[in-house]
Amino acid sequence: MIEAYRPYTLVAELTYRCPLRCVYCSNPLDYGRHDRELDTATWQRVFREAEDLGVVQLNLTGGEPLVRDDLEALVEEARRLDLYTNLITSGIPLRRERLARFRALGLDNVQISIQDTAAPRSDRIAGLRSFDRKLEIASWVKELGFPLTLNTVLHRENLDPASGCAAGWRSSSSPPTTTRSFPKRAWMAGGGDSS
Ligand code: SF4
């Protein structure tokens, strides 16, 4: 018997907007020309249709998904559908109270993008002083009891032996779960984004 094709994961890119300017990002910066994001009801319908198709995991990403004011409503609907829901974020716009709210609404996992293991290089790659802020947010994630994933895009500027990225995060103060990834679209188009 041949099993029917069944998608497992939905990656929902909620917006192009993002406070960072990573050197490898392929998302458009001229947001004015790309201001027609899907509205709340449409995304909720997409989640329901995905769940009907067999999807069990939902990744909420962008751009920076936290810039969406309706993220709570989207997490709520994902919880109602019993989807395992992962927030993929730069972390920059996050406040602790909002993170606690996501916890209460049923968000399952938080994935923070960090551009390097050292602040100067991470900040340069991100185009914004953001490293210390990301570590602070990672500590909130752990305090609130979420599983935490770190996402670091590997490229020639952070692969040399001086960078901890080549070997993963080792500092005891660093969060425990690390995934490494390559720019999503690099394989196809030579660009990418990571949040
Ligand atoms: S790679 Fe991700 S975090 Fe960096 S600018 Fe692009 S969308 Fe923002």
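Which hand, left or right, does the crossing of helix 2 and helix 3 have? It is right-handed; a crossing takes that name if the near helix is turned clockwise from the far one by less than a right angle, and is left-handed if anticlockwise. The model is a predicted one, in which local features need pLDDT of at least 70 and side-chain atom pairs count only at pLDDT 80 or more, while totals for chains, interfaces and linings use all residues. Residues are numbered from 1 along each chain as its sequence is written. Helices (H or I, at least four residues) and strands (E, at least two) are DSSP runs, numbered from the N terminus.

Helix 3 spans residues 96–105. Its axis and that of helix 2 come within 9 Å and cross at roughly 20 degrees. Axes here are lines fitted to C-alpha atoms, for helices over the stretch in contact, and angles run from 0 to 180 degrees between N-to-C directions. Helix 2 and helix 3 are therefore roughly parallel to each other (angles under 35 degrees; over 145 is roughly antiparallel, 65 to 115 roughly perpendicular and the rest oblique). From helix 2, Glu72, Val75, Glu76 and Arg79 meet Arg101, Phe102 and Leu105 of helix 3. Contact requires C-beta atoms, placed from the backbone, within 7 Å. By class, this contact has three nonpolar, no polar and four charged residues. Ala, Val, Leu, Ile, Met, Phe, Trp, Tyr, Cys and Pro count as nonpolar, Asp, Glu, Lys and Arg as charged, and the others, Gly among them, as polar.

Helix 2 (residues 71–80) also packs with helix 1. Their axes come within 10 Å and cross at roughly 20 degrees. That makes helix 1 roughly parallel to helix 2. The crossing is right-handed. Thr40, Trp43, Gln44 and Phe47 of helix 1 meet Ala73, Leu74, Glu77 and Ala78 of helix 2. This contact has five nonpolar, two polar and one charged residues.

Helix 1 (residues 40–53) belongs to a right-handed β-α-β unit with strand 1 and strand 2. Right-handed means that, with the strands pointing away from the viewer, the path from the first strand over the helix to the second runs clockwise. Strand 1 (residues 9–13) and strand 2 (residues 57–61) run parallel and are joined by five bridges; pairing needs at least two bridges found by DSSP. Val11 stands opposite Asn59.

The Gly62 to Gly63 peptide bond is cis, with omega near 15 degrees. Gly63 lies in the loop between strand 2 and helix 2. Asp82, not a glycine, has a positive phi of about 65 degrees. Asp82 sits in the loop between helix 2 and strand 3 (84–89).

Technical notes:
Contact = placed C-beta atoms within 7 Å.
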